Amino acid sequence: MWRIEAAAMMAIGSLSGLGAPALAQVQPPPAEIGSRYIPAPWWMREPVIASLGAVRVDLPANRARFTARFSAVERDSASAAAAAMRKVASLDAALRAAGADRVRLTTTVDTRPLYDQYRDKAGNMVDNERADRIDRYEVTAAIEIEVRDIAVLEPTYNSVLAAQPTSVGTVFFTLEPDNKTRSALANEAIRDATRRARTAAEASGTRLGQVKIIDPTARVCRTDVLAGWPSYGDATRPTMVEAQELRDGAPPPPPPPAPPPPPAPGAGQVSTRVTLQPPVRSLQDEACVVFALAGS
């Protein structure tokens, strides 16, 4: 079993030749793995309760990302590149009209030579991969589309389908909370730590004293003197927070977004429009609050 020693303060009395007592503070050495004694922090010199608050909130994803590819095959690479870029030009213009704050585009071009083929002795078709045996060039223009405003996700996706791309990748969703949401969740973690500490104190027949430490990072509650060495840091079951609780007191939501981007000019319209619903993602936060115990 591990022993805990508080940080030592040594008062050295009057020494010969000195007219007044001299005080020397002896700092404990850093803890080392395998050492028998672990220095305790200053806030453990009196009875305390260290409360770890953990909260979680479920919010819909507010970012989406997918890739559309347009390919063209021509006798020379320049013609193939021009043909591929013609396919993406109208779609690129239509999506950029929505604004970079709502839809961001990144276009890359890949060129691949297509070689003459011949049959080997087993009858298999084999590419004759020699520089003088290039038959055509395939150029693929890939547009990576990041939708930062979920309100325009479905119109954007359907506009891409209407442009008849060679392929469309999977839509990936992420949650990127703004600073106000992060701050509100951090405050809820501190409140949760306070609630847990108050409940524990009442259950043990005592009362909370003054606050010793408020640590938004929660590292204080995982110090080695509390958790033992090594600290395995068992997870604390988080308290669920409703999204509305984070929005209480926040400014009103922004006005409705502008109309979605129109389909690419000249692109064929798809008969069935795809419906995309953002999934729910979880946000978690922790905080540590250390209280003295009343009467200690």
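This is a predicted model: local features need pLDDT of at least 70, side-chain atom pairs count only at pLDDT 80 or more; totals for chains, interfaces and linings use all residues.
**The chain as a whole**

The chain has 296 residues, of which 31% count as buried, and its secondary structure consists of five helices and 15 strands. Among the contacts with a separation of 6 or more, 83% come from residues 24 or more positions apart. The accessible surface of the chain comes to about 18400 Å², and carbon and sulfur atoms account for 52% of that surface.

**An open sheet and the helix across it**

Strands of a sheet pair through backbone hydrogen bonds, in either a parallel or an antiparallel sense. Here, four strands in the order β13-β15-β5-β14 form an open sheet, in which the pairing is mixed. Because β13 (208-215) and β14 (239-240) stand at the edges with a single partner strand each, one side of each is left without a neighbour in the sheet. The partner of β13 is strand β15, residues 280-293, and the two pair in the antiparallel sense over five bridges. Helix α3, which covers residues 179-203, lies across β5 (48-60), β13, β14 and β15, and the helix runs at about 140° to β5.

**Antiparallel pairs**

Strand β10 also takes part in antiparallel pairing, with β6 and with β7.

| β6 (63-74) | β10 (134-147) | eleven bridges | T67 and E144 |

**The disulfide**

How many disulfides does a search of the whole structure find? The search finds one, formed by C221 and C288, whose sulfur atoms are 2.0 Å apart. C221 lies in the loop between β13 and α4 (224-227), whereas C288 belongs to strand β15, so that the pair, 67 residues apart, links distant parts of the chain. A disulfide is a covalent bond between the sulfur atoms of two cysteines. The link of C221 and C288 is right-handed, with 75° about the S-S bond, and both C221 and C288 are buried.

Conventions
Residues are numbered from 1 along each chain as its sequence is written. Side-chain values use heavy atoms; hydrogens and water are left out. Buried means under 20% relative accessible area, exposed over 50%, partly exposed in between (1.4 Å probe, protein chains only). Contact means heavy atoms within 4.5 Å. Accessible areas come from the Shrake-Rupley method with a 1.4 Å probe; for residues, only the protein chains shown count as cover. Two strands pair if DSSP finds at least two bridges between them. Axes are lines fitted to C-alpha atoms, for helices over the stretch in contact, and angles run from 0 to 180 degrees between N-to-C directions. A disulfide is a pair of cysteine sulfur atoms within 2.5 Å.
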